[in-house]
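Please read the points below with the model open beside you.

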Amino acid sequence: MSKPQAANQDERRSAILQAAFTLFGQVGYTKATMKEIAAKAGVAQGLIGYHFNTKETLLVEVVREWMINRGMNEALQQLDVTAPPAELLQQALQHVVEFRSTNPEWFTLLISLWTESVNNEKLALELMKLYQEMKSGIRLIIDRMELPLDETEKETFAALIQAVFDGLTLQSPVLLSSQPLSHEQVSQGIGWMLSGMKSAN
């Protein structure tokens, strides 16, 4: 395949991911059809099957694109690794807050994956992989902070931070929470956790 052909394929794949993200986020995974996704992406429906094989795979890849590539990886690139531990975590948290506010479809998309994975072993395994990737990114931040924690404690702290991020996502729709936790409140809570670690050691 020539470079122009490869670039064209990449563009079409990106268009499909963007269309699926928008439709899954607006109407949910179940209601969004492959035909609608293809129309929104401006491609033939068969091209979705070529790139992603199934609708399930497309859902997983959309979540991976926004959770890992556009979420975690962008956050890691923007962090000031020389900042004190509490400030470093707050930088990561601020990125999450901004990501949620600029990508409102993310709520419905993530809820769709959680819901569909309950009775779908394949999706459940893919969701577990995504969360392991996410936790690895959080561990990179925690490891840079030089906290007085052993490996097991770092894993626990990473899972706790991950739960905070998910909690912010769950609180994001105004209909579910007219007064979700603010960035300042969560930052204060993280400060309490860090203070507790220092006092415990």
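1. Ground rules. The model is predicted: local features need pLDDT of at least 70, side-chain atom pairs count only at pLDDT 80 or more, and totals for chains, interfaces and linings use all residues. Numbering starts from 1 along each chain as its sequence is written, and side-chain values use heavy atoms, with hydrogens and water left out.

2. Helix α4. This helix covers residues 55-78. Helices here are DSSP runs of H or I with at least four residues, numbered from the N terminus. α4 has 24 residues and reaches 33 Å from first C-alpha to last, close to the 34 Å expected at 1.5 Å a residue. The expected span is 1.5 Å times one less than the number of residues. α4 also bends by about 30° at E65. The bend is the angle between axes fitted to the seven residues ending at a residue and the seven starting there.

3. α4 against α6. Helix α6 spans residues 105-118. Its axis and that of α4 come within 10 Å and cross at roughly 130°. That makes the pair oblique. Axes are lines fitted to C-alpha atoms, for helices over the stretch in contact, and angles run from 0 to 180 degrees between N-to-C directions. Under 35 degrees counts as roughly parallel, over 145 as roughly antiparallel, 65 to 115 as roughly perpendicular, and the rest as oblique. The crossing is left-handed. Left-handed means that the near helix is turned anticlockwise from the far one by less than a right angle; clockwise is right-handed.

4. The α4/α6 contacts. L59, V62, V63, W66 and M67 in α4 meet W106, L109, L110 and L113 in α6. Contact means heavy atoms within 4.5 Å. An α-helix has 3.6 residues a turn, so residues three or four places apart point the same way.

5. α6 itself. This helix has 14 residues and reaches 21 Å between its end C-alpha atoms, close to the 20 Å expected. Its buried residues include W106, L109, L110, L113 and W114. Buried means under 20% relative accessible area, exposed over 50%, and partly exposed in between, with a 1.4 Å probe and protein chains only.

6. L59. Is L59 buried or exposed? L59 counts as buried because its relative accessibility is 0%. Beyond four places in sequence, L59 touches F24, Y29, L109, L113 and L123. F21 is 38 residues from L59 in sequence, yet the two C-alpha atoms are 8.2 Å apart.

7. α4 against α5. Helix α5 runs over residues 85-102 and packs on α4 at about 140°, with the axes 10 Å apart. The two helices are therefore oblique to each other. Their crossing is right-handed. From α4, W66, R70, G71, E74, A75 and Q78 meet Q91, H95 and F99 of α5.

8. R70. This α4 residue is partly exposed, at 27% relative accessible area. R70 touches Q18, E65, H95 and F99, leaving out residues up to four places away.

9. T22 sits in helix α1, residues 3-27, and is buried at 10%. T22 touches K40 and E105. N53 lies in the loop between α3 (45-52) and α4. N53 has a positive phi of about 70° although it is not a glycine, and is exposed at 60%.
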